[in-house]
Each structure stands twice: as structure tokens, then as C-alpha cells.
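Subject: Structure handover

Hello,

Here is the structure I promised to pass on. Please open it alongside this note; my findings follow below.

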Amino acid sequence: MADSAQAQKLVYLVTGGCGFLGEHVVRMLLQQEPRLRELRIFDLHLGPWLEELKTGPVQVTAIQGDVTQAHEVAAAVAGAHVVIHTAGLVDVFGKASPETIHEVNVQGTKNVIEACVQTGTQFLVYTSSMEVVGPNIKGHPFYRGNEDTPYEAVHRHPYPSSKARAEQLVLEANGRKVRGGLPLVTCALRPTGIYGEGHQIMRDIYYQGLRLGGRLFRAIPASVEHGRVYVGNVAWMHVLVARELQQRPALMGGQVYFCYDKSPYKSYEDFNMEFLGPCGLRLVGTRPLLPYWLLMLLAALNALLQWLLRPLLLYAPLLNPYTLAMANTTFTVSTNKAQRHFGYEPLFSWEESRTRTIRWMQAMDSSAQ
Ligand SMILES: NC(=O)C1=CN([C@@H]2O[C@H](COP(=O)(O)OP(=O)(O)OC[C@H]3O[C@@H](n4cnc5c(N)ncnc54)[C@H](O)[C@@H]3O)[C@@H](O)[C@H]2O)C=CC1
Ligand SMILES: CC(C)CCC[C@@H](C)[C@H]1CC[C@H]2[C@@H]3[C@H](O)CC4=CC(=O)CC[C@]4(C)[C@H]3CC[C@]12C
């Protein structure tokens, strides 16, 4: 008893802890980090599910706050040993302005870094994205690449630009002296497209399929591969990287790691069908039903409509020029850097990841009826 009390000494802070990934990170930390004494969850919107966590042995502190407010961030960070910064504005549909995306993703990250420096927090893990690399605006494929694969990363869209700038800030901060004189140790994780329980886009596509009579129509050639990774494995990677960063700062500080697991390489639509199929949806067509030029036209039309309607309502469909380019450009990762640097192995097999996601979708299905 005394031993476990002594071992439980660390304070972790998860920003964005109530988001899709953040919730999985929070739950994973509670399951897999025995040295936790206190877990602080900082988010703009706190979820009601946090209440059930407050009865366990770890002190769970929910903090409603905004990463763009430096004083709120500093207050939450003070006294934490490790910060896992997942909070971000994930918007590729034009819901938020470029300024707001920059404010949350870049200024928010600056505030987290400065809070670590001012308050003496030594370890910072940043949730970056594959998008800091690509696909680039030229549509160059990134085929089974790793962290060292040369690729021309050129962005025009506010989301990838903001993630790339924030990642750069985090990596440059590695080695800065924090209060008390110790060096800040930082690293960045770059998930590919995350899927799993709670994935909003998968939910949207499922309901879209239901509205279309249980059918989805193939838009992208099956040969275009899109990297995907299960949310439980991304969460596990965050827990492990945060732990091992404390043991191997010289090796891991300032490094980037793609998030990967055993999920198969498929097109975006074929991959989604692994879950939507067992829920009764069908993907119509072995080839795209519409020619690509027509899809581009529709995407451009959606962008125009969004702009025209903006004063009246928010029109933000899945298809726009950016999402079309994303879905239509091969981007897949093949690396073992995380395994080499900090012993990462996926916690969930592909079969388990698939089963868990299907079970979640089926539960959603019955609760909707
Ligand atoms: N969903 C995906 O496929 C991928 C996501 N990522 C990154 O993972 C992180 C988490 O993404 P998701 O869980 O998918 O998104 P999400 O939108 O579900 O979660 C983000 C969380 O951050 C919070 N947040 C937003 N603005 C905030 C602010 N100003 N102050 C405090 N909290 C704020 C939100 O309330 C939300 O709970 C993001 O940084 C994102 O860029 C990276 C690669 C892929
Ligand atoms: C038939 C349409 C063209 C299909 C549209 C699919 C798109 C909505 C999605 C295709 C690729 C997705 C993105 C990708 O997985 C990488 C991402 C990384 C992130 O950091 C955030 C999410 C996302 C941008 C993801 C968003 C949806 C797609 C664009």
C-alpha cells in the first residue's frame, strides 16, 4: 500500500482531453500509467463522462479552459510533470475562419510551451498530424514513407499550415530551460487519419449512407491508398511516449514519430467499408461513378456555395476541393521508428480495432432508432 502510494506521484495534463482522441488518451492513461497521482483534463467543453472517472484512485481534475488564453493555460500547467497537448481545431470543411484555426492551433501551442517554461514543466508531447507532411498541394503521392522520407511539404490550407507551424514551435522548444533550470524535453506524434469509437466523420458518412438508402457511391479509385490508425493505438502511443520521454530525453527529445499500427492500406472509402459494411451499408461501383473533373467541379461549387451562403448559414459539406485532394492522393506510412526509440507495439490488433469500431457503430445505430 505504502509502495503504491509512493509510486503514484506524477501529475499529467491532457489538453483537449474531451475530444475524440483526448478521451481515449485520458482513459488509456488511467489504465496504463500506474505512476499517476493526478490527471488534469483541460478542454473548452467538458464532457459529462468525466464524472465517472472521479471515483477512481487517481485524482481527476476537470478544467474548463481555452488554450488561446495564456493565463488559463499557465494555471492548468503549473505543477504538472507532463503535458500532452492534443487540443486543436480540426477543421478542413471551412467551418472556422483561418484566423481562428491559427489562433487555436498555433497561439494555443505557443501558450502551452510558454506555460511549461514559466512553471517548470519538463515534458511536453504534442499531437501533430500526418498533414504537416502532406499530401502537398501538388498532389504528390507519399507511398509507405517514414519520418526521413524526402517530401516537398507545401501547404495552403489553414489546418495543415497551422499544424506544421505548431509542430515546428514544439520541436524548437526542445532544450529550452524551464523554471528551475532543467531542459524542456518535447516530441511530436503524427497520426495518419484516426478512426475508432467516437469518430465524428465516420458517423456523418454512416448517416449520409442511411439517407441514400443504405448506399454510398464510390468517388475515389480503389488504388489510392490512405493511411489510417486506430484511436486506441494512437492513445497508447501517447501514453508510452510520455513515459519514455522521461527515461530517454537525449534520444527522444525534439523527435517526430508517425502513429501507425496494423490497419490495412486501402483507399479512404474501402477502409470505411470495413465498418460500414457490417452495419448494412454498400459501396456502389468498383470504379468511381463520376469522372474526376466532375467531382472537382462539384467540390468547387460547394466552395462557392459556402462562400455565398456564409452570411445566412454555415454550409460545410464533406466534399470540397481540399478534402477531395486529400482523399484522392496516396499517403501511407511504413515505419518502425516508434518501436526502435521507445518500444512501441500496437496494443490493439487490426481485428480488435475493427471489431471495437463496428461494435460502436452498431450501438450508435440502435440508439438512433
Ligand atoms: N482526427 C484525426 O484524424 C486526426 C487528428 N489529429 C490531431 O489530434 C488532435 C485531436 O483531434 P480530434 O480528437 O480528432 O479532434 P476533436 O475536435 O475531437 O478534439 C479536439 C479537442 O480540443 C478541444 N479544443 C478545441 N479548441 C480548444 C481551445 N481553444 N481550448 C481548449 N480546448 C480546445 C475541443 O473542445 C476538443 O475536445 C488534434 O490536435 C488534431 O489536429 C491528428 C491527426 C489525425
Ligand atoms: C468522397 C469525398 C471526396 C470523401 C471525403 C473524405 C474526406 C472528408 C476525408 C479524406 C481524408 C480525410 C483527412 C485525413 O484522414 C487526414 C486528416 C488528418 C488530420 O489531422 C485531421 C483530419 C484529416 C484532415 C482527415 C479529414 C477528413 C478527410 C479529408
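Start with a salt bridge: the side chains of E52 and R27 meet with N and O 3.1 Å apart. E52 sits in helix α3 (residues 50–53) and R27 in helix α2 (residues 20–32), so the pair ties together parts that are 25 residues apart in sequence. Keep in mind that this is a predicted model.

E52 is partly exposed, at 49% relative accessible area. R27 is partly exposed too, at 26%. The pair also belongs to a network of salt bridges that links E23, R27 and E52. Across the whole structure, the search finds 16 salt bridges.

**Two long-range pairs**

Which residue does R144 meet in a salt bridge? The partner is E225, at 2.7 Å from N to O. This pair links distant parts of the chain, 81 residues apart. R144 lies in strand β6, while E225 lies in the loop between β9 (215–217) and β10 (228–230). R144 counts as partly exposed because its relative accessibility is 30%. E225 is buried, with a relative accessible area of 14%.

R218 forms a salt bridge with D270, and their closest N and O atoms are 2.9 Å apart. Here too the pair links distant parts of the chain, 52 residues apart. R218 is in the loop between β9 and β10, and D270 is in helix α10. Both R218 and D270 are buried.

**Helix α10**

Is α10 (residues 268–276) enclosed or open? It is largely enclosed by the rest of the structure, because 9 of its 9 residues are buried. Among them are Y268, E269, F271 and N272, as well as D270. M273, E274, F275 and L276 are buried as well.

**Backbone points to check**

Most residues other than glycine have a negative phi, and most peptide bonds are trans. Two places here deserve a look.

- R144 has a positive phi, near 50°, and is not a glycine. This is the R144 that pairs with E225.
- G134 and P135 are joined by a cis peptide bond, with omega at about 5°. P135 falls in the loop between β5 (123–127) and β6 (142–145).

**Surface patch and helix α11**

There is a nonpolar patch on the surface, with about 910 Å² of accessible area together. Its members are L212, F217, L289, L290, L298, L301, L304, L305, W307 and L308. Which helix gives the largest share of the patch? Helix α11 (residues 292–309) does, with 6 residues. L304 is found in α11. L304 is partly exposed, at 45% relative accessible area.

An α-helix has 3.6 residues a turn, so residues three or four places apart point the same way. Please view the patch with that in mind.

An unreviewed entry places a "transmembrane region" at residues 289–309. In the model, that span is 86% helix and 0% strand. Its end C-alpha atoms lie 28 Å apart.

For a separate distance check, take Q200 and L298. They are 98 residues apart in sequence and 23 Å apart in space, C-alpha to C-alpha. Q200 lies in helix α7 (residues 200–211). At 41% relative accessibility, Q200 counts as partly exposed.

**The annotated domain**

UniProt, again in an unreviewed entry, lists residues 13–283 for "domain: 3-beta hydroxysteroid dehydrogenase/isomerase". In the model, this span is 38% helix and 20% strand. The end C-alpha atoms of the span lie 42 Å apart.

**A pocket**

Last, the second largest pocket. Its volume is about 540 Å³. How many residues line this pocket? There are 31, of which V92, H157, N320, P321 and Y322 lie nearest its centre. The elements that give two or more residues to the lining are α5 (98–119), α6 (158–172), α11 and α12 (321–327).

Best wishes

Terms used. Residues are numbered from 1 along each chain as its sequence is written. Chains are lettered from A and ligands numbered from 1 in the order in which they are written. This is a predicted model: local features need pLDDT of at least 70, side-chain atom pairs count only at pLDDT 80 or more; totals for chains, interfaces and linings use all residues. Side-chain values use heavy atoms; hydrogens and water are left out. Patches are made of residues with over 30% relative accessible area and no salt bridge: like charges are joined within 9 Å, nonpolar side chains (Val, Leu, Ile, Met, Phe, Trp, Tyr) within 5 Å. Accessible areas come from the Shrake-Rupley method with a 1.4 Å probe; for residues, only the protein chains shown count as cover. A salt bridge is a side-chain nitrogen of Lys or Arg within 4 Å of a carboxyl oxygen of Asp or Glu. Helices (H or I, at least four residues) and strands (E, at least two) are DSSP runs, numbered from the N terminus. Buried means under 20% relative accessible area, exposed over 50%, partly exposed in between (1.4 Å probe, protein chains only). UniProt positions are given in the numbering used here, feature names are shortened, and annotations may be inferred rather than shown by experiment. On a 1 Å grid over the protein atoms alone, a cavity is a set of points where a 1.4 Å probe fits but cannot get out, and a pocket is an open set with protein on both sides within 12 Å along at least five of seven lines; lining residues have an atom within 4 Å of a point. Grid points are joined across faces, edges and corners, and a volume is the space filled by probe spheres set on the points.
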